[in-house]
Amino acid sequence: MELRHLRYFIAVAEELHFGRAAQVLGISQPPLSQQIQALEQQVGARLFERTNRRVELSEAGRLFLHEARLVLAQVDKAADVARRAHMGELGELKIGFTSSAPINASIPQAIHAFRQAFPAVHLTLREMSSTQVAEALVDESIQVGLMRPLPLPDSLSAVELMREPLVAVLNTGHPLTAGSEHGLHLAQLAEEPFVFFPRSYGSGLYAQLLDLARDAGFSPRFAQEAGEAMTIIGLVAAGLGVSVLPASYQRIRIDGVVYRTLLDPAAVSAVWLVQRKVCSRQWRKRLWRCWWRTGLSQGRSVKRRFPVASGLVVASGLATFTAFCHRLGRLHTLTRLRVNRQHQRRKISEVFTPPKAKLLFIT
């Protein structure tokens with residue numbers, strides 16, 4: 001028994017006429033009659049009562065009709081589930097993130113937008129260090145990672161979502177707090193004891209702090225180590241030293257601590273969206289749309305200057321697209337913008353960009 005046999009049977013049962021059922025199915029009547037007879041032989045029961053004037057369902061046929069409809073409905077559901085899973089609208093998405101990621105307001109907003117847009121996708125979020133995010137992507141225990149910059153293996157690709165300045169974390173009684181409301185240079189902290197993440201923690205900030213200190217002409221002296229940023233801020237409040245953290249941590253208000261923006265040109269930290277190169281792009285495309293809507297993405301590929309996922313970027317909204325073009329600064333020619341009001345979609349028919357970069361605008 002094949003699915004087409006069930007479809008043929010249902011068509012005849014609904015029309016109660018072999019000729020009309022054949023027209024609905026787009027086949028001739030003789031093959032349809034033969035298929036129904038073959039189905040009855042397989043079932044071992046007469047499904048229709050036939051006369052020269054009419055066709056009626058038998059008692060067995062009425063019961064079989066209900067079950068046949070359930071079978072075809074389940075088949076259609078299975079196909080829809082597979083299609084939605086392939087398109088990234090169904091299933092489970094495992095995301096690893098660094099502790100600082102949720103503190104930036106745009107990232108929780110993007111995740112919330114994703115949940116609203118795709119409620120059938122179960123999100124599993126795991127907090128870990130940047131090194132652990134990269135390792136989890138390699139061993140496939142997560143599908144997407146939000147992390148601070150670190151050297152990545154060749155099997156991973158990254159897109160920069162945002163940048164933020166680094167800030168010095170000082171005790172309120174520290175002499176440098178006076179007159180430094182507009183910021184200070186890292187070199188001014190050269191003689192201070194630092195409270196920071198341990199090297200073994202795997203935070204991308206550790207290597208960055210060493211590079212910044214080297215450029216400023218000193219080597220930081222680490223007096224205390226802690227694996228959590230909240231603990232670091234608390235130790236600074238206790239007067240055990242100073243620290244350097246991304247500016248998003250300023251949202252954490254703890255008595256006894258002030259934040260001062262570092263004025264060094266390289267004192268900025270990025271957040272990357274990372275995934276395996278061989279991973280399905282549907283998840284990232286779905287997340288991209290949410291990040292575009294929240295205005296978070298800076299539109300930069302980490303390994304290339306062009307914001308492409310194998311040449312494709314999905315953006316949402318004309319304002320976002322225009323802002324993206326201004327930020328990118330590499331859009332050469334834009335021609336023929338057509339508005340299809342019937343489908344309420346704006347399509348860009350031709351977009352010329354530098355080699356290997358192609359933009360597709362979808363609403």
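**Pockets, strands and cores of a predicted chain**

The residues lining the second largest pocket divide into 7 nonpolar, 2 polar and 3 charged. The model is a predicted one, and this pocket holds about 170 Å³ of space. Its lining consists of Arg148, Pro149, Leu150, Pro151, Gly204, Leu205, Ala207, Gln208, Asp211, Leu212, Asp215 and Ala266.

The chain as a whole gives the setting. Its secondary structure comes to 10 helices and 16 strands. Of its 363 residues, 46% are buried. Taking contacts between residues at least 6 apart in sequence, 69% join residues at least 24 apart.

Strand β5 covers residues 144-147. Val144 and Leu146 point one way from this strand, Gly145 and Met147 point the other way, and all are buried. β5 pairs with two strands described here. With strand β3, residues 91-97, the pairing is parallel and runs over 3 bridges; Ile95 stands opposite Val144 of β5. With strand β11, residues 268-276, β5 runs antiparallel, and 3 bridges join the two. In that pairing, Met147 stands opposite Trp272 of β11.

The loop between α6 (130-138) and β5 contains Glu140. Glu140 is not a glycine, yet its phi is positive, at about 65°. Because its relative accessibility is 54%, Glu140 counts as exposed. A second residue of this kind is Leu16, whose phi is near 50°, a positive value in a residue other than glycine. Leu16 is found in the loop between α1 (3-15) and α2 (18-25). Leu16 has a relative accessible area of 36% and is therefore partly exposed.

Where do the nonpolar side chains gather? The largest nonpolar core has 37 residues, and the members that touch the most other members are Leu170, Leu186, Leu189, Phe194 and Leu262. Two or more residues of this core come from each of β6 (156-171), β7 (193-196), α7 (204-216), α8 (229-237), β9 (243-246) and β10 (257-261). Apart from it lies another core, of 21 residues, including Ala22, Ile36, Phe48 and Leu72.

Leu186 shows what surrounds one member of the 37-residue core. Leaving aside its neighbours within four places in sequence, Leu186 is in contact with Phe194, Leu209, Leu212, Ala213, Phe218, Val244, Leu262 and Asp264. One of these contacts, Leu212, is also listed in the lining of the second largest pocket.

Leu170 has Val258 of β10 as its bridge partner. β10 is mostly covered, with 4 of its 5 residues buried.

Which residues lie nearest the centre of the largest cavity? They are Thr98, Ser99, Ser100, Phe197 and Ser203, out of a lining of 13 residues. That lining divides into 6 nonpolar, 6 polar and 1 charged. About 100 Å³ of space lies in this cavity, and the count of cavities of 30 Å³ or more comes to 3. Such spaces are found because rolling a probe the size of a water molecule over the atoms shows where empty space is left.

Is Leu47 buried or exposed? Leu47 has a relative accessibility of 1%, under the 20% cut-off, and so counts as buried. Leu47 lies in the loop between α3 (29-43) and β1 (48-50). Not counting residues up to four places away in sequence, Leu47 touches Phe9, Leu39, Glu40, Glu56, Leu57, Ser58, Ala60, Gly61 and Phe64. Its C-alpha atom is separated by 9.0 Å from that of Leu65, 18 residues apart along the chain.

Val81 lies in helix α4, residues 59-86. Val81 counts as partly exposed because its relative accessibility is 36%, a value between the cut-offs of 20% and 50%. Val81 and Gly91 are 10 residues apart along the chain, and their C-alpha atoms are separated by 8.9 Å.

Notes. Residues numbered from 1 in each chain as written. Predicted model: local features only at pLDDT ≥ 70, side-chain atom pairs only at ≥ 80, totals over all residues. Heavy atoms only, no water. Buried < 20%, exposed > 50% of the residue type's maximum accessible area, 1.4 Å probe, protein only. Pairing = 2+ DSSP bridges. 1 Å grid on protein atoms, 1.4 Å probe; cavity = no way out; pocket = protein on both sides within 12 Å on 5 of 7 lines; lining within 4 Å. Points joined across faces, edges and corners; volume = space filled by probe spheres on them. Nonpolar A, V, L, I, M, F, W, Y, C, P; charged D, E, K, R; others polar. Core = buried A, V, L, I, M, F, W, Y, C linked by side-chain atoms within 4.5 Å. Contact = heavy atoms within 4.5 Å.
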